[in-house]
Each structure stands twice: as structure tokens, then as C-alpha cells.
Amino acid sequence: MFENILSVYGFDSDKTIVQPFGDGLINHTWKVNIDHKNYILQQVNNEVFKQPSDIDENLTLLRDYLSKENPDYLFVSPVKATNGQTLIHNDAGYYRLFPFVEGSTSLNVLQNKEEAYEAAKQFGKFSRILNGFKAEDLNITIPNFHNLILRYDQFTQACKKASAKRLEKAADGIQFIKDHQGIVDIFSEILSDKNIPLRVIHHDTKISNVLFDSQNKGICVIDLDTVMPGYFISDVGDMMRTYLCEASEEETDLTKISIRKPFFKAIYDGYMSEMESVLTAAEKTYFTYAGKFIIYMQAIRFLADYLQNDIYYGAKYEDHNFNRAMNQIELLKAYMELEKEL
């Protein structure tokens, strides 16, 4: 299976060891060992990323910029094949090879506020060192990924077309989403505010996308396929959604949904340790809103998918996306109860 790919990099497949690596849900990933040197091989999911070449172009632009402006930063970019290309396309799909960062580890579960601080610091650092890069030069790898206006419109359309059974089941959730449409209105204000600039944003700040060293200090961020122009609320909000609650979005016991206030402070302190001097005064006023923005949007997406018979996320059981939506709604309620304190 890997013969044709590895040969493009000048590797002899008979002398390499290839093993599945990680538990990512989007791209297929393998660890490759040759002559005691390790690499990460990935097959890009071109159902999610319709134009893999756009990702490759983005990574090349960022690599070239950072090599000049911040050469000491560890930017994990694809290895060039023998033909000079960093994205390989064959009948099986799109592939790229990355150097394996020796001595690094990644986390699947956030254990403490110190890890939250380190992760937030790394995502903040990523945007800070790219502050001089013109974000608009990047390709949009997933159109409208964090467009809350569009997501709300998709939700209202889903309500119109849903079955009576699912509408009845989701009635309370639907009403909650509609009652808090003001969160969408604030997003519209952000889009029209010239004091809130587009930045180079990661857009997927789950804890597994940060590499840590042996002392549990952050090294850099990885999985850069969703890096594109955006607003800082996307990265901050995504950290809040995934770091603040000990229970995951799969938890069905809603009594376990709560906000860990020390983790909020860790996110704030870590991110602002890098971005304090970069964010505008207008941006800083939306720091707490960022949490509402992403949690609300994810609740909308899960609920809309449930109403559309689970066509996007899929479902492992009948009410899977309904339960996910109610989980996120409960998280949003807990967050809003603490909003003034935060």
C-alpha cells in the first residue's frame, strides 16, 4: 500500500516500518521509521478538505514567512519529496510526510490547569508570531467553518424540514437556541467592526493539537490544515469549549457538566501572555464572548444535524446528536451563569 508513496521520498519500502498512529478522526495517519529516523505520514481527507492543494499552499507560505521572520520557531511543515513537492497525489489520494518531533508528546485528555495554560500560550504564540503575515493571503480550507450566521440559518432550515418526531424531541433545545439568537447578533457586530482584524487562526485548538516536552511544557501547535484567516474568538472559544468542562461532549449525564474556573484563568493567562500586546482594545472586550460563541455554535450544529437525521456527524445510536446538542446547551448555560464572574 505504501510502496508508491515512500518511493517518491526516496525510501525503500522494504526497509521501513509503517504503523498506524494517533486517533484522529479526519485524516489517516501512520508513523514511519527508516534507518532509525521517524516520520509522520498522512493521507488528507479530501471529503472534508475539498482542495488539499490549498492546505499545501498555506503551509508553504507560512513556512517561508517564519523561516525569515522567526526561524527559531518549530513549524512542523511537510518534507519535500524527491521531485520537490510537499503534497503527493496518486490514485489512492493525497499524502504528505512530516518529520516526527522526537521527545515530544501529545495529550488526548487535559488533566490540569497547567496544561491548559501551556496550550493556550502555544496557540497565542502561533497567532502572535504570524501577526505580520497578511491573513487574507491564506486559502480558505473549509469555507464558512466558523460562520455563526450561516450555522444559524442552517439550523432554522433544519427546523422547517425536520420530522414531527424529532421536532417534538428537540423542542426545548430549539427554543433555547432561538431565545439566545443575540449571540448571533454580536457575531454580526464583530464582522462589521474595523477594529477587529482578520488574523492567522488555527481554528482547532483541542489539546491533542499541542506538542509538549518531557517537562510538560508546550513546544508548538500541530495539525495545521484548518489554519486560515479568522478572528481570535475562534481559537479562544474553542479552547473554552474543550478545556473548561471535565466531561466531554459525549457525556449524557448532564449533572457532570460544569465550568472549571481555574481553567478559564489558565486559558486567559496563557493566551494573553503572548497576545496581550497584539490584540486591539476592541478584541479584548470579546474575550469572554468567545466561549459563548463557540459553545453556542456547536450546540446549533449538533441539533441541526439531529433534525436532519444525522447526515453530517453521523450517529452511533438514535439520539446521539440530540444528546450532544443538549450537552453543549447545558455547558453554555453553566458558562453564562458564571459570565460576569469570568
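Trainee: Quick one: does His36 count as buried or exposed?
Mentor: His36 counts as exposed, because its relative accessibility is 78%. Buried means under 20% relative accessible area, exposed means over 50%, and partly exposed is in between, using a 1.4 Å probe and protein chains only.

Trainee: What kind of model is this?
Mentor: It is a predicted model; local features need pLDDT of at least 70, side-chain atom pairs count only at pLDDT 80 or more, and totals for chains, interfaces and linings use all residues. Residues are numbered from 1 along each chain as its sequence is written, and side-chain values use heavy atoms, with hydrogens and water left out.

Trainee: OK, back to His36. Where is it found?
Mentor: In the loop between strand S2 (28-34) and strand S3 (37-44). Helices (H or I, at least four residues) and strands (E, at least two) are DSSP runs, numbered from the N terminus.

Trainee: What about the phi of His36?
Mentor: It is positive, about 65 degrees, although His36 is not a glycine. Most residues other than glycine have a negative phi.

Trainee: And which phi value does Asn144 have?
Mentor: Near 60 degrees, again positive in a residue other than glycine. Asn144 is found in the loop between H3 and helix H4 (148-161). At 40% relative accessibility, Asn144 counts as partly exposed.

Trainee: New topic. Which domains does the chain have?
Mentor: The assignment gives domain 1 (2-100) and domain 2 (106-340). Such bounds come from an automatic or database domain assignment. Taken over C-alpha atoms, the domain centres are 27 Å apart. Domain 1 puts 19 residues into the contact, and domain 2 puts in 22 residues. Contact means heavy atoms within 4.5 Å.

Trainee: How many residues are in the largest nonpolar core?
Mentor: It has 102 residues. A nonpolar core is a set of buried Ala, Val, Leu, Ile, Met, Phe, Trp, Tyr and Cys residues joined through side-chain atoms within 4.5 Å. Leu148, Phe155, Ile177, Ile233 and Tyr271 have the most contacts inside this core. Helix H11 (residues 287-307) gives the most to it, with 15 residues.

Trainee: Where does that core lie?
Mentor: Between domain 1 (2-100) and domain 2 (106-340), because both give residues to it.

Trainee: What does Ile177 touch?
Mentor: Tyr152, Phe155, Tyr296, Ala299, Ile300, Leu303 and Ile329, leaving out residues up to four places away in sequence. There is also a second, separate core of 14 residues, which includes Phe11, Ile34, Ile88 and Tyr95.

Trainee: Where is Leu307 found?
Mentor: In helix H11. Leu307 counts as buried, because its relative accessibility is 2%. Its contacts beyond four places in sequence include Phe155, Ala158, Cys159 and Ala162.

Trainee: And His202, buried or exposed?
Mentor: Buried, at 0% relative accessibility. His202 is found in the loop between strand S6 (199-201) and strand S7 (210-212). Beyond four places in sequence, its contacts include Phe123, Asn209, Val221 and Asp235.

Trainee: Now helix packing. At what angle do helix H3 and helix H9 cross?
Mentor: Roughly 30 degrees; the axes of H3 (residues 113-129) and H9 (residues 261-275) come within 7 Å. Axes are lines fitted to C-alpha atoms, for helices over the stretch in contact, and angles run from 0 to 180 degrees between N-to-C directions. H3 and H9 are therefore roughly parallel. Angles under 35 degrees count as roughly parallel, over 145 as roughly antiparallel, 65 to 115 as roughly perpendicular and the rest as oblique.

Trainee: How does H3 cross helix H8?
Mentor: At roughly 165 degrees, with the axes of H3 and H8 (residues 232-243) within 11 Å. That makes the two helices, H3 and H8, roughly antiparallel. Ala116, Ala119, Ala120, Phe123 and Ser127 of H3 make the contact with Asp235, Met239 and Tyr243 of H8.

Trainee: Last one: at what angle do H8 and H11 pack?
Mentor: About 70 degrees, with their axes 7 Å apart. That makes H8 roughly perpendicular to H11. Among the residues in this contact are Phe232 and Ile233 of H8, and Phe287 and Tyr289 of H11.
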